Amino acid sequence: MPRTLEGQITMEKTPSYFVTKEAPKRIYNMSRDTKLIVVVRNPVTRAISDYTQTLSKNPTIPSFQALAFKNVSTGLIDTTWSAVRIGIYAKHLDNWLQYFPLSKFLFVSGERLVSDPAGEMGRVQDFLGLKRVVTDKHFYFNETKGFPCLKKPEGSSRPRCLGKSKGRPHPKIHGQVIQRLQEFYRPFNMKFYQMTGQDFGWD
């Protein structure tokens, strides 16, 4: 990390930190004062999105259903598949709470980040002890992408929207597959809600 002067905040973003077993200890050893922001979304949608991204890079991979289930007839979910495993948020948070208290975390709803970006960014700014400078006027909804975009300051270049890899249409997944995944995640989601004191409304 770069040196941070008094009055500065240094931020770094890597999606894999939350699910990497060694990360909490390493970050704790670097700085136990680190504040941690975790963006989470419905784990079923997250798994389908993960698959969609992989599919775009490698169109020959097996179907979502074939990867998600160890046994389709019994409905046994394959938790070794990373797209499924990443969404077991309670398990990952357990690992982090061995090093950091809950007060060091802010859990941002991926769904609310889309439906109310200014509201979620307000929570982020409060958590970091910053003035609320990012507000509604900084966002507009991009109908094509299905996501909000950040307006640039006046006289600046085009608005900042999520890259090409975001907002892709998802493949059609059979309703029974989605239902089975929802059932699989439900107890983990409930535990995560209890651990964080936040109901993300995924059920």
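Helices (DSSP runs of H or I, at least four residues) and strands (runs of E, at least two) are numbered here from the N terminus. The structure is a predicted model, in which local features need pLDDT of at least 70 and side-chain atom pairs count only at pLDDT 80 or more, whereas totals for chains, interfaces and linings use all residues. Residues are numbered from 1 along each chain as its sequence is written, and side-chain values use heavy atoms, with hydrogens and water left out.

Helix α5 (residues 89–96) is mostly covered, as 6 of its 8 residues are buried, where buried denotes under 20% relative accessible area, exposed over 50%, and partly exposed in between (1.4 Å probe, protein chains only). The buried positions of α5 are Tyr89, Ala90, His92, Leu93, Asn95 and Trp96, and the elements that cover them include α1 (23–30), β1 (36–40), α2, α4 (82–85), β4 (105–109) and α8, with contact taken as heavy atoms within 4.5 Å. Helix α5 and helix α8 (residues 175–196) pack at an angle of about 40 degrees, and their axes lie 8 Å apart; these axes are lines fitted to C-alpha atoms, for helices over the stretch in contact, and angles run from 0 to 180 degrees between N-to-C directions. From α5, the contact is made by Tyr89, Ala90, Leu93 and Asp94, and from α8 by Phe188, Lys191, Phe192, Met195 and Thr196. By class, the residues of this contact comprise 6 nonpolar, 1 polar and 2 charged, where Ala, Val, Leu, Ile, Met, Phe, Trp, Tyr, Cys and Pro count as nonpolar, Asp, Glu, Lys and Arg as charged, and the others, Gly among them, as polar.

Helix α5 also gives the most to the lining of the second largest pocket, with 3 residues. That pocket has a volume of about 170 Å³ and is lined by Phe18, Val19, Thr20, Lys21, Arg85, Lys91, His92 and Asn95, a set that divides into 2 nonpolar, 3 polar and 3 charged residues. On a 1 Å grid over the protein atoms alone, a pocket is an open set of points with protein on both sides within 12 Å along at least five of seven lines, a cavity is a set of points where a 1.4 Å probe fits but cannot get out, and lining residues have an atom within 4 Å of a point. Grid points are joined across faces, edges and corners, and a volume is the space filled by probe spheres set on the points.

The structure holds 1 cavity of 30 Å³ or more, and the largest cavity contains about 30 Å³ of space. Its lining consists of Asn42, Pro43, Val44, Gln182, Tyr185, Asn189, Trp202 and Asp203, of which 4 are nonpolar, 3 polar and 1 charged. Both α2 (43–57) and α8 supply at least two residues of this lining, and α8 gives the most, with 3 residues.

In an unreviewed entry, UniProt lists Arg41, Ser49, Lys166, Gly167, Arg168, Pro169 and His170 under "binding site"; such annotations may be inferred rather than shown by experiment. Proline 169 is found in the loop between β6 (147–150) and α8, and is exposed because its relative accessible area is 72%. Histidine 170, in the loop between β6 and α8, counts as partly exposed at 36% relative accessibility. Apart from residues up to four places away in sequence, histidine 170 touches Thr45, Ile48, Ser49 and Thr52.
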